[in-house]
Structures are given as structure tokens and as C-alpha cells.
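Visitor: I would like to go through this protein chain with you, one question at a time. Could we begin with the terms and then turn to the details?

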Amino acid sequence: TWPWNPDRIIRKEMAIYLRGRQPGEATGLLEDEFRKLGARDSVFARAGSELEAVRAALTEARPGDLVLLPVHAERDQVIHLMETLAARRWVPGRPLP
């Protein structure tokens, strides 16, 4: 059994990393593995890009939450967003700019 109980797992599509797979195929494989470990169907969400996934995760976050943001393809945009949030003293639970 899976020792974690995440509230949300957001699948993100990264077209530049498809490497011959169809869109949704690689993320579907990851989702299948999470299910085998015990993740519930209700925790999964999909995002069309990394930035969209980050914004979705931060929108759902509340004070005290642990949010993991593995970012590869849109790193610069995500860093810009995080710097903007820090400059505005954003905290989870408030709307994103």
C-alpha cells in the first residue's frame, strides 16, 4: 500500500518530451502506476502545460500544504511566477495574480 495520501496529483503534458509517444500516453502510464500504489481516482487532474499545472496546484494550496513542483520545460516561466508571488507576499489560499 501507498503510505501517502495526496489530495491532488496533476498530470502535465510536455510536448517536447513525448519522444514518439502520443499525447497523454506517458502521463497515463504514470497515473496507472500511482493507482497501483493506491492513489484514488479523485486525486488526478490534468494540465496542458507545466505552467498551467503549477498555477492549478498553487490555486488549490492552503496554508501548511506541501506542494511539489517538478518543472522542466517551462522553468523560466514558473520561476517568474514564483518571484512575482514572493514580491507580492502571496500566501496559499489567496487568488493568484
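Guide: Let us settle one term before anything else: a residue is called buried when its relative accessible area is under 20%, and exposed when that area is over 50%. The model before us is a predicted one.

Visitor: What share of the residues of the protein chain count as buried?

Guide: The cut-off for a buried residue is a relative accessible area under 20%. Applied to the 97 residues of the protein chain, this cut-off gives a buried share of 28%.

Visitor: In what order do the elements of the protein chain run from the N terminus on?

Guide: The protein chain contains 3 helices and 2 strands, and its C-alpha atoms fill a box of roughly 40 × 30 × 15 Å along the principal axes. Read from the N terminus on, the order of the elements is β-α-β-α-α.

Visitor: Which residues does Val54 touch, not counting residues up to four places away in sequence?

Guide: Val54 is itself one of the residues of the largest nonpolar core, and it is also among the buried residues of H2. Once residues up to four places away in sequence are set aside, what Val54 touches is Leu69, Val71, Val78 and Leu81.

Visitor: Within what arc do the buried residues of H2 fall, seen down the axis of the helix?

Guide: The buried residues of H2 are Glu50, Ala53, Val54, Ala57 and Leu58. Seen down the axis of H2, these residues line one face of the helix, because they fall within an arc of 130°.

Visitor: Is Glu50 buried or exposed?

Guide: Glu50 has its place in helix H2, and, leaving aside neighbours within four places in sequence, its contacts include Lys12, Pro70, His72 and Arg75. Because its relative accessibility is 2%, and the cut-off is under 20%, Glu50 counts as buried.

Visitor: How far does the backbone nitrogen of Glu74 lie from a polar atom of the side chain of Glu50?

Guide: Glu74 is among the residues in contact with Glu50 when neighbours within four places in sequence are left aside. Between the backbone nitrogen of Glu74 and a polar atom of the Glu50 side chain, the distance is 2.6 Å.

Visitor: What is the length of the polar contact that joins the side chains of Lys12 and Glu50?

Guide: Lys12 is found in strand S1 and, at 16% relative accessibility, counts as buried. In sequence Lys12 and Glu50 are 38 residues apart, whereas their C-alpha atoms are 5.8 Å apart in space. The polar contact joining the two side chains has a length of 2.9 Å.

Visitor: Which residue has the backbone nitrogen that a side-chain oxygen of Ser49 reaches at the start of H2?

Guide: Ser49 is also one of the residues in contact with Lys12. At the start of H2, a side-chain oxygen of Ser49 comes to within 3.1 Å of a backbone nitrogen, and that nitrogen belongs to Glu52.

How values were computed: Residues numbered from 1 in each chain as written. Predicted model: local features only at pLDDT ≥ 70, side-chain atom pairs only at ≥ 80, totals over all residues. Heavy atoms only, no water. Core = buried A, V, L, I, M, F, W, Y, C linked by side-chain atoms within 4.5 Å. Buried < 20%, exposed > 50% of the residue type's maximum accessible area, 1.4 Å probe, protein only. Contact = heavy atoms within 4.5 Å. Helix = DSSP H or I, 4+ residues; strand = E, 2+ residues; numbered from the N terminus. Arc of directions from axis to C-beta. Polar contact = N/O pair within 3.5 Å; in protein donor to acceptor, adjacent residues only side chain to side chain.
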